[in-house]
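Please consult the sequence and the structure while working through each solution.

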Amino acid sequence: MRKKAWVVFLCCCPLLAIAQNNTIKGQVKDSLNNPVPLVHIMILQADTFVVGTITDSLGSFVIDNLTAGSYHLKIAAIGYQDFDQQFIYKGDRLDFGVLQLQTESIVLDGVELVGRKKLYERRTNSLIINVEQQITSSGRSTLELLTNTAGVSVSQQSNTLSLNGRGQVAIMVNGKLSRVDGPALLSLLKSMPASEIKHLEVFNNPPAKYEANGSGGMINIMTKSKNTVGTGGTFSFMGGYGKGEKTGVSANFHSQKGKIDWSGSYSFNRNRSPEEWGLQSEFNNLAVRKKVYTTSLRKPTTISHNYSLGLDYGILKNTDVGVALSGYSSKWDMIAFDKVINSNGADELESLDIETNEINHWNHIGGNFRIQQSLGDDHKLIFDYDHLYYHDNNPSSYKIASGFTEIKKKTPITFNIFSLDYSWALSKNVDIEFGAKKSKSKFKNTVEVSSDNGLSSVTQMEERVNALYSSFQFQLGDKTRLATGFRFEHTSNELTEEENESFIRRKYGNLFPNLSIAQQITDRHNLRLNYSKRINRPSFNNLAPFILFLGPDALYSGNANLQPSLIHKIGVEWGWVGKYITLEFIIEEGAIIEFQPRLSENGEQYIFKAENIDKRNILSLSFNVPFSVAPWWQSETLFNYQYETLETLFLDSEFKRNKGMYKLTSSQQFSINPNTRLELSGYYQSSSLFGISTFGARGAFNLGIQHKLKKNSGTLNLSFSNVFASDNWKIKTLHSNPNINTLETYFPESRIMALTYTKGFGANKKKSKRGRTSADEEKKRIN
């Protein structure tokens, strides 16, 4: 009631302010260092209200016209402890800096509410998705979490990620950009339980300090083991069942004693997840007239181990040295039973049964060495070295009545990355960053096919990327902020195919500028303009060709002739009271579209592989609508609409296509009692363009219940995923010139129930010293 009285008093008495020159300012943040908007700021003198205001969308406040004297600064916000600080004002400019609020529990009408973060939070250059607030993430992997929450699409054929249909997305873990992509990246994300994730940070236009690769933007996955020191950690156990059983265990720890800071994590997961693939294809030319129906019932089991260990040591007052070791082992073991039915022009049927066995076993180990030197309060210099090693063993076999085909595939990949970053807080209003990075990578991809048919190959690649960047941030007055940067990257890539004695060399240099202007219009409204240029480099998985058969009449393969694409992104965003609307226009030249179908030279087989599309433009509109329906009902809805046009010359035929698509993601959370919450969440996406193909509509509905046990004994999460079995894929391609008629279908496991128990222990209040390293920007390239 006291807090309500202060709010009423503040709203009714704005004329009591006393006129005077100069200002008082500050910024309010929560215990996790996130800005807190719409907080009530009050200045009192001898328990009498003098003047007040509220914080803007960045948590900042400014108070004018206060006379010299002794005062109390009081901050009141529902869900946080009251903040009260005495101060003496001398009549000049006073900056309180950052004022942090601590979360508390309060009681409203007999219902206890705990101050919680919103599911979506907007920051200066990113969107925060607070996974800790998602009950339905229980029992899921990080890959499943991304797919259902962040708008990420996963191609099961190509093992690639894209963000909101806008192209390839880069993945960071705790600020470190992943150097791998494709099966290696998906293996990493599958091995990370979602229960270990604190939040996701989605960058649509990443700053210049990050690598320019990835037209769809960047997602930073922050785990619970980071941003904490002291001594403590968490552990969890998971068990579940859909069409197959799931088990998992994970733990993380952190400990600081004096100058030494340890942290580590380990997780184990076993997941059996039956699924169904299908392909309907029609061959209709002078040589071949037939229809082929292929159904593949797959029973894969994934067993993964994921681990990390880090040590930071303060050798001097301003010098920290850190080393880190991380890695994983992810083994995907599958047996599939395929049925192929051929129908020729005379309606004669031929049935063929195929038994498929495939193993995809990724192993990774990486080390990092870092020196961080603070040159006073305003300067920082960081040197990073990373060595990363990956190895993929991917054998497969296909058994039919008439014979047996065996494929052996091995791919070792090595990275060495050096980087140097310097940051300088030139003044309160100016921040500067400079940096340089050198990355060298190589792989050797060996494919041996028993029934060769020209499919065996040995491919080697060496790539060097040298980069320089500069980044600047300017505070132009109290309401305008300018951020700009430039990044130059020079790439040298040499690809050799021994079997064909072919040699491909690519050398190119590009300048990547970015610009962001933010204007605080009122206390509740702000406007931001953005521009950036980015690049999509072909993934290693496509450049090191793989072969995946779906019956004798269709196969998936890589494309060593892919070229990088360049992307220009222009956007404007309007935000108000925790909500925002974004309008963005994307121009992409040479867009890489995964797995476009084409007929083989003899016209008897479909080959699906990535292709460059000449021109692709996307106009995108999105908005976020969070609101409180009642004290016990919190609603979050994210809507995106985009209109896409593309032009390309494919197989000597000109394609001009356009189509609109929308996606709706929603989460409804209900506080049943002080210790129990219910969540209903889901998404729906309409049909969209997929190069020369069309991706069908799909969606999912999820249900979750969370209960906190008494006496801090832990938390139980019960989740039900894809309840209506609606998260299915249908990709249709129908053209007469060239003559292509295919329908690809994918039905993943549905109606998955999972129960997760999580318990924290020890302290977790301080920040960790270790941040991102230079290597994470390369890990996504393993695709």
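Contact means heavy atoms within 4.5 Å. This is a predicted model, in which local features need pLDDT of at least 70, side-chain atom pairs count only at pLDDT 80 or more, and totals for chains, interfaces and linings use all residues. Residues are numbered from 1 along each chain as its sequence is written, and side-chain values use heavy atoms, with hydrogens and water left out.

**Exercise 1. State how confident the prediction is along the protein chain.**

Step 1. pLDDT is the predictor's confidence in each residue, from 0 to 100. The protein chain averages 80, and 79% of the residues score at least 70.

Step 2. Helices (H or I, at least four residues) and strands (E, at least two) are DSSP runs, numbered from the N terminus. Confidence is lowest in helix α1 (residues 2–12), with a mean of 39, and highest in strand β42 (residues 693–695), at 94.

Step 3. Over residues 1–21 pLDDT stays under 50, and the model has 37 contacts beyond four places in sequence for them. Residues 764–772 also stay under 50, with 41 such contacts.

**Exercise 2. Describe the protein chain as a whole.**

Step 1. The protein chain contains four helices and 48 strands.

Step 2. Buried means under 20% relative accessible area, exposed over 50%, and partly exposed in between (1.4 Å probe, protein chains only). Of the 783 residues, 54% count as buried.

Step 3. Of the contacts between residues at least 6 apart in sequence, 66% join residues at least 24 apart.

**Exercise 3. Identify the residues with the most contacts inside the largest nonpolar core, and examine F608.**

Step 1. A nonpolar core is a set of buried Ala, Val, Leu, Ile, Met, Phe, Trp, Tyr and Cys residues joined through side-chain atoms within 4.5 Å. In soluble globular proteins, nonpolar side chains tend to be buried together.

Step 2. The largest core has 31 residues, and those with the most contacts inside it are W277, Y398, I407, I547, F549, Y556 and F608. Several strands each supply at least two of its residues, including β21 (275–284), β33 (547–549) and β37 (606–630).

Step 3. Beyond its neighbours within four places in sequence, F608 is in contact with L279, A554, L555, Y556, S557, F595, Q596, P597, T742 and E744.

Step 4. Another core, of 22 residues, lies apart from the largest one; V50, A77, F83 and L101 are among its members.

**Exercise 4. Determine how strand β35 is paired and which of its faces is covered.**

Step 1. Two strands pair if DSSP finds at least two bridges between them. Strand β32 (residues 525–536) runs antiparallel to β35 and is joined to it by 12 bridges; N536 stands opposite S565 in β35.

Step 2. Strand β36 (residues 579–599) is also antiparallel to β35, with 11 bridges between them. Here L566 stands opposite E589 in β36.

Step 3. In β35 (residues 565–576), the covered face consists of S565, I567, K569, G571, E573 and G575, whereas L566, H568, I570, V572, W574 and W576 form the uncovered one.

**Exercise 5. Is Y641 buried, exposed or partly exposed?**

Step 1. Y641 is located in strand β38 (residues 633–650).

Step 2. Y641 counts as partly exposed because its relative accessibility is 35%.

Step 3. Leaving out residues up to four places away in sequence, Y641 touches L619, S620, L621, G660, M661 and Y662.
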